[in-house]
Amino acid sequence: MGSPSGFEFAVRGDDVVIRHHGVTATVLRGAKAAEFLAQVERGDAQLLMARLTGDYRRGNERTARQHPRNAR
């Protein structure tokens with residue numbers, strides 16, 4: 001499983017705007033924004049942003065791709 005990529009964030013006042021490939025995915029405000037900034041300094045920012053936006057792999061993509069219903 002690869003690591004997430006394509007995420008970026010910008011701080012606007014008290015808000016944190018998270019974008020994925022240039023498209024706004026979510027905006028964090030208040031305590032959530034402050035917690036996010038603290039966690040970014042401690043860990044992998046890309047993985048954290050992927051988890052917060054719900055855009056991360058769950059591990060079942062290969063199995064689903066091979067299912068006869070999804071055959072191309």
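## Helix α2 and its cap

A polar contact is a pair of N or O atoms within 3.5 Å; within protein, one atom must be able to donate a hydrogen and the other to accept it. In this predicted model, Asp44 caps the N-terminal end of helix α2, with a side-chain oxygen 3.3 Å from the backbone nitrogen of Gln46.

Helix α2 covers residues 45-53. Just after α2 comes Gly54, which takes a positive phi of about 80°.

## Buried residues of α2

The buried residues of α2 are Leu48, Met49 and Ala50. Three elements receive the packing of these buried residues: β1 (7-12), β2 (15-20) and α1 (31-42).

## Strands β1 and β2

Strands β1 and β2 pair in the antiparallel sense, over six bridges. Within this pairing, Arg12 stands opposite Asp15 in β2.

The two strands form a hairpin with two residues between them. In that hairpin, Gly13 takes a positive phi near 65°.

## Strands β2 and β3

Strand β3 spans residues 23-28 and runs antiparallel to β2, to which five bridges join it. Here Val17 stands opposite Val27 in β3. In a regular strand the side chains alternate between the two faces of the sheet.

A hairpin is also formed by β2 and β3, again with two residues between the strands. His21 lies in its turn and has a positive phi of about 55°.

Definitions and conventions. Residues are numbered from 1 along each chain as its sequence is written. This is a predicted model: local features need pLDDT of at least 70, side-chain atom pairs count only at pLDDT 80 or more; totals for chains, interfaces and linings use all residues. Side-chain values use heavy atoms; hydrogens and water are left out. Buried means under 20% relative accessible area, exposed over 50%, partly exposed in between (1.4 Å probe, protein chains only). Helices (H or I, at least four residues) and strands (E, at least two) are DSSP runs, numbered from the N terminus. Contact means heavy atoms within 4.5 Å. Two strands pair if DSSP finds at least two bridges between them.
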